[in-house]
Amino acid sequence: MAMVTLGDIRAARERIAGKIGSTASVLSPSLSERLNVPVHLKLEHRQTTGSFKLRGASNAVASLSMGERARGVIAASTGNHGRALAYAAKLECMRAVICMSRLVPQNKLDEIRRLGAEVRIVGNSQDDAQQEVERLAADEGLIMLPPFDHPAIIAGQGTLGLEIIEQVPDAALVLVQLSGGGLASGVAAAIKGVSPGTKIIGVSMARGAAMKASLDAGRPVQVEELPTLADSLGGGIGLDNRLTFSMCRDLLDDVVLLDEDEIAAGIRHAYEQEREIVEGAGAVGIAALLAGQVKARGPVVVLLSGRNIDMDVHRKIVCGEIPSISERAA
Ligand SMILES: *Cc1c(COP(=O)(O)O)cnc(C)c1O
């Protein structure tokens, strides 16, 4: 079976050294007191571009041959993968094209343009954008770099796992965000490779948890995509999933799901107690601890995966409101 190995992840770390930052782990006094075990926060939301996605994108870009580099890269993404790929390609002086639907808000579009990528606006859905990716890859020879189901992307995200287990070698439990599963697959492969006894729990939002539904069904399945505060965790895993489904099935010890109030409480706690601004997806590990969804008998590491939240939405949440669905899309 296809798997990304500890060796692949170590090679990725060498390849992207100097292109990404390493981020700190800090002890959370308030969460440690609450759980009665040390709780460490891995501050990956402070990564360049505001999320861990730069690790995978940098590794994928740096793994291309000279011929492929000359052709440029392409992806459909409205969010953190698009930002990361634009940044990584610019660093290597490569062409990058990001496709998105007409519904993507102007600020997200501007941000990706600011990072130097070409933006193509097509259709009314992520599926339309993906079709444009496939058309342009065929017509113009651009290399498709998808957000999670790709060996170099998974290995790049895995470098985060190496950092975690070096910073907290006695970690009994690591909480990692779970959407397409590139992050969880890479992190779990790295940590289990170094420390087989460490448990890894994936955390998703209850609204549209495609990987959880697929793991329960024993095969990739489609779920309805719903608006959520953890917008970076939205989207399917692909019915033709090659790597992340089987890696998550084999490497994760459990998956927990959170409702919208619990995610909001995580964002609020991050801000008020930890003094950190994190997006909904970034806060789900904290949220799982606050909601009492996981028990720990030893040191815990909670990953904060991203910080790219609309600040008006953030302000509402810390003031105790849950913003309406239409406000969140802005
Ligand atoms: C992409 C993303 C995730 C989920 O990563 P997957 O590899 O799709 O599981 C989690 N948090 C943030 C901030 C992200 O951008």
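Biologist: Are R83 and E111 buried or exposed?

Modeller: The structure is a predicted model, in which local features need pLDDT of at least 70 and side-chain atom pairs count only at pLDDT 80 or more, while totals for chains, interfaces and linings use all residues. Residues are numbered from 1 along each chain as its sequence is written, and side-chain values use heavy atoms, with hydrogens and water left out. A residue is called buried under 20% relative accessible area, exposed over 50% and partly exposed in between, with a 1.4 Å probe and protein chains only. By this rule, R83 and E111 are both buried.

Biologist: What joins the side chains of R83 and E111?

Modeller: The N to O distance between the two side chains is 3.4 Å, and they meet in a salt bridge. Because R83 belongs to helix α5 (residues 80-91) and E111 to helix α6 (residues 106-114), the pair ties together parts 28 residues apart in sequence. Helices here are DSSP runs of H or I with at least four residues, and strands are runs of E with at least two, numbered from the N terminus. The link requires a side-chain nitrogen of Lys or Arg within 4 Å of a carboxyl oxygen of Asp or Glu, and its name is a salt bridge.

Biologist: How many salt bridges does the rule give?

Modeller: One of them joins E163 and R55, with 3.1 Å from N to O. That pair links distant parts of the chain, 108 residues apart, with E163 in helix α8 (residues 151-167) and R55 in helix α3 (residues 53-62). E163 counts as buried because its relative accessibility is 8%, and R55 likewise at 0%. The count of salt bridges comes to 19.

Biologist: Which residues are linked with R55 in a network of salt bridges?

Modeller: The side chain of R55 meets that of E163. The network also extends to two residues beyond this pair, and its members other than R55 are K42, E44 and E163.

Biologist: What separates R135 and E132 along helix α7?

Modeller: Their side chains meet in a salt bridge of 3.1 Å, N to O. R135 is partly exposed at 41% relative accessibility, whereas E132, with a relative accessible area of 13%, is buried. Because they stand three residues apart in helix α7 (residues 126-140), the separation is about one helical turn.

Biologist: How much of the area that the ligand exposes alone does the protein bury?

Modeller: Polar contacts to an N or O atom of the protein (pairs of N or O atoms within 3.5 Å; within protein, one must be able to donate a hydrogen and the other to accept it, and residues adjacent in sequence count only if both atoms are side-chain atoms) include a ligand oxygen 2.8 Å from the side chain of K53. Taken alone, the ligand exposes 390 Å², of which the protein buries 97%.

Biologist: How many charged residues are in the shell around the ligand?

Modeller: The ligand is surrounded by 17 residues, with K53, N80, G181, L183 and S305 the closest; a residue is near when one of its heavy atoms lies within 4 Å. Ala, Val, Leu, Ile, Met, Phe, Trp, Tyr, Cys and Pro count as nonpolar, Asp, Glu, Lys and Arg as charged, and the others, Gly among them, as polar. The shell has six nonpolar and nine polar residues, and its charged residues number two.

Biologist: Which backbone nitrogen does the side chain of N241 reach?

Modeller: N241 lies in the loop between α10 (210-217) and α11 (244-251), and counts as buried because its relative accessibility is 14%. Its side chain reaches the backbone oxygen of I237 at 2.9 Å. At 2.9 Å, the side chain of N241 also reaches the backbone nitrogen of F245.

Biologist: What phi does N36 have, although it is not a glycine?

Modeller: N36 occupies the loop between α2 (29-35) and β2 (39-42). With a relative accessible area of 70%, N36 is exposed. Its phi is positive, at about 65°.

Key: Accessible areas come from the Shrake-Rupley method with a 1.4 Å probe; for residues, only the protein chains shown count as cover.
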